Amino acid sequence: MKRVVILGVSGSIGMQTVDVIEQHRDQFTIVAYSVGHNIERLHELLKRWPIKEVAVAKENDAIDLALRYPDVNFYFGNEGLCHLATLAQADIVVNALVGFRGLKPTLAAIKANKHLALANKESLVAGGELVKEALRASKGILYPIDSEHSAIFQCLQGNQTSEVERLIITASGGSFRDRTREQLKNVSVEEALAHPNWKMGGRITIDSATMMNKGFEVIEAHYLFDLPYEKIDTIIHPQSIVHSFVEYRDHAVMAQLGTADMRIPIQYALTYPHRETMKQDNRLDLAALKELTFREMDFKRFPLLALAYEVGKRKGNMGAVLNGADEEAVRLFLNHEITFLEIEAAVKKAVDEVPYIASPTLAQLEQSDALARAIVRAYKKGANV
Ligand SMILES: NC(=O)C1=CN([C@@H]2O[C@H](COP(=O)(O)OP(=O)(O)OC[C@H]3O[C@@H](n4cnc5c(N)ncnc54)[C@H](OP(=O)(O)O)[C@@H]3O)[C@@H](O)[C@H]2O)C=CC1
Ligand SMILES: CC(=O)[C@@H](O)[C@H](O)COP(=O)(O)O
Ligand SMILES: [Mn+2]
């Protein structure tokens, strides 16, 4: 029986992880989970899957909950997340947190020699070098959950990374893929949140519409598969059925296909190297689909993707700056405080202004993240930091 901790259980990936585990109760059990602020969902979860170790975002919530559930241990904040990530009774940690806050629990889980099923791409975007360093010094193993990276991981099985000529990461194009930049000026939050294929949390859905998500995925692929940026391409594939391609030096191209259902990569990360029966009816029906289409990426239309390649190549603290700035800009957009196109401008400003650090410590990454956010907030007010 594998014992699983789910960080961010109340979110889109977290709840789908619970679904997957419920399909395989003979193989997996959940020993701990965390929510952020969604305490209603926590009450439901404690009925559906009672456990003894829970982390929440706020100390006050932990105190109130401890009164209501005297048999459960409640933790809070970053320390609470890191405590769950290192629990002695856990074999696998699923990191389904959103944002930079995922980095510390990722590092903690690896240092505690856990198997880490990673959805939190921000860990690698902001702290890829530190994550790799931690993996080298530990028995911990990282399994990708992100659909494109799971696809690449699957296409690499039985092959050598040294024989890969390039990765081709597919991008749906997001909510506005058929609009010109001129047409993006007045788009609403509601329109931006309407992803054509995937039902996901708010931040990643907006990142998909700006193509920042694909930029993050390029950096994520660089760290997961140890390939230079010159070997990582992207292509627009509106149907999100081919989750990515690997082209080998003999020009054979492998692809992984499936319906747009994250339970498939989540389950593979948990059951690797085995494939288990999927009980949900999410089978791919190619004849019903009729066609799969592809078109060249347009870096002028999606400048944040071009910026991500630059940032990825510069390394140092720049990934933390890119992510921190984007996290703050998306938050402001979702709060109706800046426009959709101002996300790009604010992120670019932070990347231009935060001083470069070549080999940052974790503390320096945290400072870079904070400074990037401050620059984005100042951008909103038309001020300087
Ligand atoms: N959704 C998807 O299909 C995919 C997601 N990913 C990646 O997976 C990660 C999760 O995405 P997704 O599930 O969509 O995001 P959601 O927004 O749906 O969920 C995020 C989770 O993080 C928790 N959280 C938020 N703020 C805090 C906080 N301050 N302290 C503690 N926990 C907090 C939330 O808790 P609460 O809601 O209780 O506040 C929730 O459990 C992201 O890195 C995303 O890029 C990758 C591929 C696909
Ligand atoms: C499901 C998943 O992995 C997301 O990261 C998805 O890829 C977002 O779709 P885009 O291709 O629109 O960014
Ligand atoms: Mn993805």
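Trainee: Over residues 257–374, how far apart are the end C-alpha atoms?

Mentor: Keep in mind that we're looking at a predicted model. UniProt, in an unreviewed entry, lists residues 257–374 as "domain: DXP reductoisomerase C-terminal". That stretch is 58% helix and 3% strand, and its end C-alpha atoms are 41 Å apart.

Trainee: And for residues 142–225, what is the distance between the end C-alpha atoms?

Mentor: Those residues also carry a UniProt label from an unreviewed entry, "domain: 1-deoxy-D-xylulose 5-phosphate reductoisomerase C-terminal". Here the chain is 44% helix and 13% strand. The end C-alpha atoms are separated by 11 Å.

Trainee: Okay, let's get the overall layout. What distance separates the centres of domain 1 and domain 3?

Mentor: The protein splits into domain 1 (2–144), domain 2 (149–313) and domain 3 (316–385). Domain 1 and domain 3 do touch, with eight residues of domain 1 in contact with nine of domain 3. On the domain 1 side, those residues are four nonpolar, three polar and one charged. Taken over C-alpha atoms, the two centres are separated by 26 Å.

Trainee: Which strands sit at the edges of the seven-stranded sheet?

Mentor: Walk across this open sheet and you get the order β4-β3-β2-β1-β5-β6-β7, with parallel pairing. From one strand to the next, the twist averages 25 degrees. An edge strand pairs on one side only, and that picks out β4 (73–76) and β7 (141–144).

Trainee: What is the bridge partner of Leu 7 in β5?

Mentor: Strand β1 (residues 2–7) and strand β5 (residues 92–95) run parallel, joined by four bridges. Helix α1 (residues 12–23) lies across β1, β2 (28–34) and β5, at about 160 degrees to β1. As for Leu 7, its bridge partner in β5 is Asn 95.

Trainee: What about the five-stranded sheet: which are its edge strands?

Mentor: This open sheet has mixed pairing and the order β11-β10-β8-β9-β12. Each edge strand pairs on one side only. Those two are β11 (253–257) and β12 (295–296).

Trainee: Which residue in β10 is the bridge partner of Ile 168?

Mentor: Strand β8 (residues 164–171) and strand β10 (residues 242–248) run antiparallel, with four bridges between them. Helix α7 lies across β8, β10 and β11, at about 40 degrees to β10. Another helix, α10, packs on the sheet and touches β8 and β9 (232–236). For Ile 168, the bridge partner is Phe 245.

Trainee: Now the ligands. Between which domains does ligand 1 lie?

Mentor: 28 residues surround ligand 1, and the closest are Gly 11, Gly 36, Asn 38, Met 200 and Gly 201. The shell has twelve nonpolar, twelve polar and four charged residues, and α1 gives the most to it, with three residues. Two domains both give residues to this shell, so ligand 1 lies between domain 1 (2–144) and domain 2 (149–313).

Trainee: Which residues does UniProt list for "binding site", and why do they gather at one spot?

Mentor: The record is an unreviewed entry, and it lists Asp 146, Glu 148 and Glu 217. They span 72 residues in sequence, yet they gather at one spot because no two of their C-alpha atoms are more than 8.4 Å apart. Asp 146 has its place in the loop between β7 and α7.

Trainee: At what angle do the axes of α13 and α14 cross?

Mentor: In this contact Ala 308, Val 311, Gly 312 and Arg 314 of α13 meet Met 318, Gly 319 and Leu 322 of α14. Those residues divide into four nonpolar, two polar and one charged. The axes come within 8 Å and cross at roughly 145 degrees.

Key:
Residues numbered from 1 in each chain as written. Chains lettered and ligands numbered in written order. Predicted model: local features only at pLDDT ≥ 70, side-chain atom pairs only at ≥ 80, totals over all residues. UniProt positions renumbered as here; feature names shortened; annotations may be inferred. Pairing = 2+ DSSP bridges. Axes fitted to C-alpha atoms, helices over the stretch in contact; angles between N-to-C directions. Contact = placed C-beta atoms within 7 Å. Domains from an automatic or database assignment. Nonpolar A, V, L, I, M, F, W, Y, C, P; charged D, E, K, R; others polar. Near = placed C-beta within 6 Å.
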